[in-house]
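Here are some notes to read alongside the structure. Take them one at a time, and find each place in the model as you go.

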Amino acid sequence: DDDEVAVLEMGISDFGEMDRLSKIAQPDISVITNIGLCHLENLKTRDGILKAKTEMFHNLKPDGTAILNGDDDKLITIDEVNNKRPVRFGISYKDDVYASDIKNLGLDGTSFVINGLKCADGDRAFEVTVPVPGHHMIYNALAAACVGAQLGLSSIQIRDGISKLKTIAGRNNIIKTDNYTIIDDCYNANPMSMKASLDVLHDGEGRRVAILGDMGELGEDEAALHEGVGIHAATCGIDACVCVGDLAVHIAEAARKANPDFPVYYEKTRESLLEHLNDYVQKGDTILVKASHFMKFEEVVKALEEM
């Protein structure tokens, strides 16, 4: 009885699922953060992902609001939802709500100024700090700020809410032990989030080591998409990469080709990685742990915490 708002994540992997879920939810506000490269096994292309995600609008309330990423090349093609212009947010996109004066605080997060937000206390620019690392978190914070403004929050409430953000296990969760700083991002993975997490790792202290596993549901281009992650790992400025799994072999091979001087190691299974984990990490390392959920990399995080 005390709750006023439900925030629901609509997880899908095929056509028709978003329509069914949004029919249940009957949203007042629909948010789409990006059109990435996940669930390609059934949805085939980014245009397919766009079509599946925008099924949400079929059940948006008639006076409801769509909030979309203005920097996304697919979402920018949506001019109207329910005969109403969507609210857009972005960094490059500056016609609506946008971030400026961005300062990277390393693993402590990012600060930036939100511009153009119509809050309860007026349309003003104000600075916020997201206490979770990663450039992509700017977009998440902008989306959340747009929702807050739609729900009648003031700029002070929005700023304070963003500043109190806490991560959960497996989702960009920073764990500091006596020996390591662990970036626990093992809940799930796709090519876009893998590259974003590698960029977060780049900002870590000490030796920066990525432990990367297979990504699932990528369809016929799965080998090439893993190779793209390998190229990014070898060229983004981290210090070493450990690849684990049948598909992650493509990450390892592409990384070696992209940068022959970059230390790359390969283990076929999670079990063999756990047996040899001590060979790949040193005291003082910052270690990223990331893979699709079926790889069960939470066991890797647990092992590192206990070392």
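1. Does Q26 count as buried, partly exposed or exposed? Keep in mind that this is a predicted model. The relative accessibility of Q26 is 35%. Buried means under 20% and exposed means over 50%, so Q26 counts as partly exposed. Look for Q26 in the loop between α1 (17-25) and β1 (29-32). Check its backbone too: phi of Q26 is near 50°. That is a positive value, and Q26 is not a glycine.

2. Now turn to E217. This residue sits in the loop between β11 (208-213) and α7 (222-235). Its phi is positive, about 60°, although E217 is not a glycine. The relative accessibility of E217 is 38%, so E217 counts as partly exposed.

3. Follow the chain into α7. This helix has 14 residues. From its first C-alpha to its last, α7 reaches 20 Å. That is close to the 20 Å expected at 1.5 Å a residue. Just after α7 comes G237, with a positive phi of about 95°.

4. Which residues of α7 are buried? They are L225, H226, V229, G230, A233 and A234. The numbering is worth a look. An α-helix has 3.6 residues a turn, so residues three or four places apart point the same way. The cover over the buried residues of α7 includes the helices α2 (40-43), α6 (191-202) and α8 (249-258). It also includes the strands β11 and β12 (240-244).

5. Next, a helix pair. Two packed helices are described by the angle between their axes and the distance between the axes. For α9 (residues 270-280) and α10 (residues 298-306), the angle is about 10° and the axes are 10 Å apart. Angles under 35 degrees count as roughly parallel, so α9 and α10 are roughly parallel to each other.

6. What meets what between these two helices? From α9 come R270, L273, L274 and L277. From α10 come E299, V300, A303 and L304. By class, this contact of α9 with α10 has six nonpolar residues, two charged residues and no polar ones.

7. Last, D72. Find D72 in the loop between β2 (65-69) and β3 (87-90). Its relative accessible area is 7%, so D72 is buried. A polar atom of the D72 side chain lies 3.1 Å from the backbone nitrogen of L75. Leaving aside residues up to four places away in sequence, D72 touches N34, I35 and R46.

Conventions. Residues are numbered from 1 along each chain as its sequence is written. This is a predicted model: local features need pLDDT of at least 70, side-chain atom pairs count only at pLDDT 80 or more; totals for chains, interfaces and linings use all residues. Side-chain values use heavy atoms; hydrogens and water are left out. Helices (H or I, at least four residues) and strands (E, at least two) are DSSP runs, numbered from the N terminus. Buried means under 20% relative accessible area, exposed over 50%, partly exposed in between (1.4 Å probe, protein chains only). A polar contact is a pair of N or O atoms within 3.5 Å; within protein, one must be able to donate a hydrogen and the other to accept it, and residues adjacent in sequence count only if both atoms are side-chain atoms. Contact means heavy atoms within 4.5 Å. Axes are lines fitted to C-alpha atoms, for helices over the stretch in contact, and angles run from 0 to 180 degrees between N-to-C directions. Angles under 35 degrees count as roughly parallel, over 145 as roughly antiparallel, 65 to 115 as roughly perpendicular and the rest as oblique. Ala, Val, Leu, Ile, Met, Phe, Trp, Tyr, Cys and Pro count as nonpolar, Asp, Glu, Lys and Arg as charged, and the others, Gly among them, as polar. The expected span of a helix is 1.5 Å times one less than its number of residues.
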